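Hi,

Here is the structure I promised to pass on. Have a look at it first, and then read my notes below.

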Amino acid sequence: LPKRYGREKVARIGSINNMRARTVIARVCEQLGIPDREKFDVLDVLIEYSSGDSRYGHSLEDTLTQTEPGKRFNEKYPESKLMFELENHASHTGVHAAGVIVCNDPVSDYCTIGSDGVAQLDKPDAEMLGLLKIDALGLRTLAVIEDSGTTTSAELYALKLNDPKVFQVFNDKHYAGIFQFEGQAQRRVAAEVLIKSFKQIDHITALARPGPLGGGASQKYIARAAGREPVEYRHPSMAAYLKDTMGVVLYQEQVMRICFEIGKFSWEVVSEIRKAMSGRKGKEYFDRRGAEFVAGATSQGMSKADAEEIWSEICTFGAWGMNKSHTVSYAIISYWCAWLKAYHPLAYFAACLRNAKDDTQAVEILREARQEGHNYIAFDPARSAVDWAVVDGQLIGGFKNVEGFGPAKAVKAVEMRRLGKLDFEKLKKDLEKNKKIDIP
């Protein structure tokens with residue numbers, strides 16, 4: 001972006017991090033010398049609210065005045081009431097995870113820019129000033145795909161999204177290394193759906209979110225996809241919005257159309273609803289528009305009972321549901337990962353291992369590789385590269401798997417071996433006491 005629009009016209013968005021209830025308890029107890037054991041009973045009963053709840057920011061006040069452990073703590077340490085003021089108070093500034101401002105004019109015309117290139121305003125301020133805000137997301141998975149060295153972006157974009165061999169990867173529950181399907185929520189949903197089309201991968205991506213999960217949409221979809229339950233609608237008019245998703249609400253776009261066409265909301269209010277869904281404002285915030293929705297629906301001849309049932313079904317999206325353009329993009333990347341596992345398994349496993357975020361993930365990938373019939377060697381002094389690689393048709397760990405070998409030392413070891421100068425006797429002694437390569 002800086003190269004395209006000019007460095008002075010692009011800046012990262014700042015953020016203001018507020019103190020959450022658990023942080024306040026920890027800091028106040030530390031400063032007041034309250035023993036750690038005293039706060040545990042309070043933490044066990046802590047009342048927590050979503051950001052859209054009318055009591056958001058009052059978790060500690062409600063916990064210490066409405067629960068028995070909280071009341072006892074409050075009586076024993078009356079000075080702890082200062083926590084009420086600290087909760088949700090600004091703590092420190094930070095940087096938005098993906099937000100970027102792009103302007104026609106220098107960003108410094110609108111706000112101060114720090115030496116680190118971060119605009120000294122947060123997302124709400126940027127929106128209030130009418131600045132163009134872009135979320136520039138970086139996905140580690142795209143780097144893994146490129147690192148596999150097996151395909152080009154043109155080949156990936158040209159893939160047909162109807163390959164049974166790719167769907168079988170999902171149906172065999174070989175989820176390790178597949179974007180989004182490494183999370184437990186998505187795995188639980190996917191394990192109960194027989195995938196026969198790309199559309200179902202997209203549906204599963206949408207289902208594994210707080211909104212559909214909390215509202216029961218996931219279990220309803222699973223039952224209907226398996227034929228255990230008929231596809232039904234709260235009202236015949238809902239078929240126009242939900243016929244492609246087994247009669248359940250999965251996408252923000254569905255909620256927006258229902259609010260606009262059935263609830264007769266203005267586009268300004270629909271946009272507010274969209275922001276509430278994206279911002280995870282919570283059911284209480286979302287539900288403030290319930291009476292307005294019912295009024296709009298009944299003005300078109302719908303019964304009040306039907307209108308209330310429809311609103312009840314969609315308002316759980318206040319807990320956060322995704323938009324379809326987002327889920328489809330995610331599902332395509334998931335499909336690419338499964339395609340690589342289906343057609344280039346060893347190369348993809350090696351790339352996943354080279355980019356594993358931690359040892360736990362690396363072990364999971366190796367276990368799945370073995371389950372799929374791909375054996376591996378954690379280290380081979382004569383054939384190992386710097387990192388995991390496919391050598392002679394085998395998945396072999398690199399010198400970095402040896403305790404004490406970082407990237408630089410591993411590169412040097414490979415070069416020394418090439419020159420015939422590697423001390424194999426010393427390496428053998430290192431391996432005898434090495435626990436790092438004892439991979440289960």
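Of the 440 residues in the chain, 43% count as buried, where buried means under 20% relative accessible area, exposed means over 50%, and partly exposed lies in between (1.4 Å probe, protein chains only). Please keep in mind that this is a predicted model, in which local features need pLDDT of at least 70, side-chain atom pairs count only at pLDDT 80 or more, and totals for chains, interfaces and linings use all residues. Residues are numbered from 1 along each chain as its sequence is written, and side-chain values use heavy atoms, with hydrogens and water left out.

Some overall figures. The C-alpha atoms fill a box of roughly 85 × 60 × 55 Å, taken along the principal axes. The chain has 25 helices and seven strands; these are DSSP runs numbered from the N terminus, with helices (H or I) of at least four residues and strands (E) of at least two. Take the contacts with a separation of 6 or more: 64% of them are between residues 24 or more positions apart. Contact here means heavy atoms within 4.5 Å.

Now the sheets. Two strands pair if DSSP finds at least two bridges between them.

- E1 (residues 10-18) and E2 (residues 90-102) run antiparallel and are joined by eight bridges. Ala11 has Ile101 of E2 as its bridge partner, and Asn18 stands opposite Ala90 of E2.
- E1 and E3 (residues 118-119) run parallel, with two bridges between them. Arg12 is bridged to Val118 of E3, and Ile13 is bridged to Ala119 of E3.
- E2 and E4 (residues 132-135) run antiparallel, joined by four bridges. Here Gly99 has Asp135 of E4 as its bridge partner.

In a regular strand the side chains alternate between the two faces of the sheet.

Is Ser15 buried or exposed? Ser15 counts as buried because its relative accessibility is 17%. Ser15 and Val95 lie 80 residues apart in sequence, yet their C-alpha atoms are 5.2 Å apart in space. If you leave aside neighbours within four places in sequence, Ser15 is in contact with His92, Thr93, Gly94, Val95, His96 and Asp122.

The other sheet is an open one of three strands, ordered E5-E7-E6, again with mixed pairing. Its edge strands are E5 (376-377) and E6 (389-391), and each of them pairs on one side only. E5 pairs with E7 (residues 394-396) in the parallel sense over two bridges, and Ile377 has Ile396 of E7 as its bridge partner. Helix H22 (residues 345-354) packs on this sheet and touches E6 and E7, with its direction making about 140° with that of E6. For such angles, axes are lines fitted to C-alpha atoms (for helices, over the stretch in contact), and the angles run from 0 to 180 degrees between N-to-C directions.

H22 also has a helix partner. H21 (residues 324-343) packs against H22 at an angle of about 125°, with the axes 5 Å apart. That angle makes H21 oblique to H22, since under 35 degrees counts as roughly parallel, over 145 as roughly antiparallel, 65 to 115 as roughly perpendicular and the rest as oblique. From H21, the contact uses Cys337, Leu340, Lys341, Ala342 and Tyr343, and from H22 it uses Pro345, Tyr348 and Phe349. By class, these residues are seven nonpolar, no polar and one charged. The classes are nonpolar (Ala, Val, Leu, Ile, Met, Phe, Trp, Tyr, Cys and Pro), charged (Asp, Glu, Lys and Arg) and polar (the others, Gly among them).

Cheers
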